[in-house]
Amino acid sequence: MSTATPGLSEPDATTQDTAPPQDAPKEDAPSPPHFILYKEGTEYAQALRQLSLWTHHVLLPVYGREVTSTSPWCSSWWKHPEAVAQLHGLWLAWGELTGPGSAMNGPGTWHRDHLAPVMNSLRDPSGPFAGCKPGAHRAKEIPTVDAADPFGPPPARA
């Protein structure tokens, strides 16, 4: 018994157009990177918003422990580039290891290999939130370097 609609025939190899669709991705074009540090402008802002929603509605309610001097947290964590980078990596791993189609041991792997190292790093007394207090963000100074590109070509002489 055929399930085809009367009057419409199934396409076969002799009647199909062999040209690829115009909007088909090119095989040699790499996909854009997912990691937030590669994003700029509105793309960065959208990624940061998604990250903040996950952080505020999943990560912190479940895994956020009490803030102490030996385990700091900054209530303005998004102002710390290191925290954004680490939390974004944690979020990407969350999606990969706990989402639809992930292995049954994915959540355990996420806890062991991703959650614990990231939270230990962020909450370390000398980590990115050192000096921050609840409700009081303290910006960190970037370490200085002697030259921005020490192995690049010498500066042009005037």
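## Overall fold

Helices, by the rule used here, are DSSP runs of type H or I spanning at least four residues, while strands are runs of type E spanning at least two. In this predicted model, the chain holds three helices and zero strands, and reading along the sequence gives the pattern α-α-α.

Of the 158 residues in the chain, 25% are buried, and the accessible surface comes to about 12200 Å², with 57% of that area belonging to carbon and sulfur atoms. When contacts between residues at least 6 apart in sequence are considered, 67% of them join residues at least 24 apart.

## Aromatic pairs

A pair of aromatic rings is described by the distance of the centres and the angle of the planes. The chain has seven aromatic pairs. One of them joins Phe 35 and Tyr 38, whose ring centres lie 6.5 Å apart and whose planes meet at 70 degrees, so this pair is edge-to-face. Phe 35 is partly exposed at 26% relative accessibility, whereas Tyr 38, with a relative accessible area of 60%, is exposed.

The rings of Trp 54 and Trp 94 have centres 5.8 Å apart and planes at 55 degrees, so the pair counts as tilted. This pair links distant parts of the chain, since Trp 54 lies in helix 1 (residues 41-63) and Trp 94 in helix 2 (residues 81-98), 40 residues apart.

## Burial and the aromatic cluster

Trp 54 has a relative accessible area of 6% and is therefore buried, the cut-off being under 20%; Trp 94, at 25%, is partly exposed. Together with Tyr 63 and Trp 110, Trp 54 and Trp 94 form one aromatic cluster.

Key:
Residues numbered from 1 in each chain as written. Predicted model: local features only at pLDDT ≥ 70, side-chain atom pairs only at ≥ 80, totals over all residues. Heavy atoms only, no water. Buried < 20%, exposed > 50% of the residue type's maximum accessible area, 1.4 Å probe, protein only. Contact = heavy atoms within 4.5 Å. Areas by Shrake-Rupley, 256 points an atom, 1.4 Å probe, with all protein chains shown as cover. Phe/Tyr/Trp six-rings, centres within 6.5 Å; stacked < 30°, edge-to-face > 60°.
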